[in-house]
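Work through the exercises below with the model in view. Each task is followed by a solution in steps.

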2 protein chains.
Amino acid sequence: MTRLTIRIDFDGGRQVGHGKIRLLELIGEHGSISRAAREMKMSYRRAWLLADEVNRMFSEPVLETQHGGVGGGHARLTSFGHALVGHYRAIESQALKSFGKQIADLERRLLPAAKVASK
Amino acid sequence: MTRLTIRIDFDGGRQVGHGKIRLLELIGEHGSISRAAREMKMSYRRAWLLADEVNRMFSEPVLETQHGGVGGGHARLTSFGHALVGHYRAIESQALKSFGKQIADLERRLLPAAKVASK
């Protein structure tokens, strides 16, 4: 299946793309940065830095974290965090729909992928 | 200015995104892989490998190269190469237009970028 991924580059080198959005989704799902990091096969430190970067990008935070307690810290998306993820995914799926014809056109010209895919 | 970049991932790990498309555009403009590489601040070897990758992706080549001669080799886009670049850029600009409202919405919530932008 062909995938279309988008990346939004704002002024000042601030960027939102597939990686950060997926991380936010997984944090929302698991309520935990460390579980999200594990699922994305990245270090806790890297996940924390990425989440912190998005958290400082907008006038509202995308994440709320709660430290400590018996089961360790908790993290959850704010309503703005949910909106950000929703906007991004909507753009992505609408783009794939809108440009399905052009993409199918390119797909038809692809060489068979057998050799590459069987790696 | 906010930019929207797209990446298309086909089966078999084959990917077309901003970097390869920009490289093709510059090769088309300059008629030379080495000049395109210089403008993108990448090594000739890397530019050649990227161009070769796209050239082997589809049933038609995107580039034609001519070796040697006094002024060194020449490279030019095939008509399919032009079509590929055109499709990609059309998807990109239509996406930015279609999703302008959502993106403007996010822009309004960005924090002032002064500190980051003045780096």
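**Exercise 1: Charged pairs**

Task: Find how many salt bridges the rule gives across the interface of chain A and chain B.

Solution. The structure is a predicted model. Across the interface of chain A and chain B, the rule finds two salt bridges. One of the pairs to look at is Glu60(B) with Arg109(A), whose closest N and O atoms are 2.4 Å apart. The cut-off is 4 Å, so a distance of 2.4 Å qualifies as a salt bridge. Side chains of opposite charge can pair when their charged atoms come close.

Next, look within one chain. Arg108(A) forms a salt bridge with Asp105(A), with 3.0 Å between the closest N and O atoms. Both residues belong to helix H5 of chain A and are three residues apart, about one turn of the helix. Over all chains, the count by this rule is 18 salt bridges.

**Exercise 2: The extent of the interface**

Task: Describe the contact between chain A and chain B by residues and by buried area.

Solution. Start with the residues: 37 of chain A are in contact with 37 of chain B. Then take the area: the two chains bury about 3700 Å² between them, and 65% of it is on carbon and sulfur atoms. Last, count polar contacts: the rule finds 14 residue pairs across the interface, both residues being at pLDDT 80 or more.

Now ask which elements of chain A take part. E1(A) gives the most, with eight residues. By type, the residues of this side of chain A divide into 20 nonpolar, seven polar and ten charged.

**Exercise 3: Strand pairing and symmetry**

Task: State how E1(A) and E1(B) run relative to each other, and find the rotation that superposes chain A on chain B.

Solution. Begin with the strands. E1(A) is joined by seven bridges to strand E1 of chain B (residues 3-10), and the two run antiparallel. Within this pairing, Arg7(A) stands opposite Thr5(B) in E1(B).

Then superpose the chains. A rotation of 180 degrees, with 0.0 Å of shift along its axis, places chain A on chain B with an RMSD of 0.0 Å. This is the relation of a two-fold axis. In chain A, the C-alpha nearest the axis belongs to Ile6(A), at 2.2 Å.

Finally, compare the two sides. Of the interface residues of chain A, 100% are also interface residues in chain B, so the copies meet through the same surface.

Note on methods: Residues numbered from 1 in each chain as written. Chains lettered and ligands numbered in written order. Predicted model: local features only at pLDDT ≥ 70, side-chain atom pairs only at ≥ 80, totals over all residues. Heavy atoms only, no water. Contact = heavy atoms within 4.5 Å. Buried area = accessible area lost by both parts, 1.4 Å probe. Salt bridge = Lys/Arg side-chain N within 4 Å of Asp/Glu carboxyl O. Polar contact = N/O pair within 3.5 Å; in protein donor to acceptor, adjacent residues only side chain to side chain. Helix = DSSP H or I, 4+ residues; strand = E, 2+ residues; numbered from the N terminus. Nonpolar A, V, L, I, M, F, W, Y, C, P; charged D, E, K, R; others polar. Pairing = 2+ DSSP bridges. Least-squares fit on C-alpha atoms with pLDDT ≥ 70 in both.
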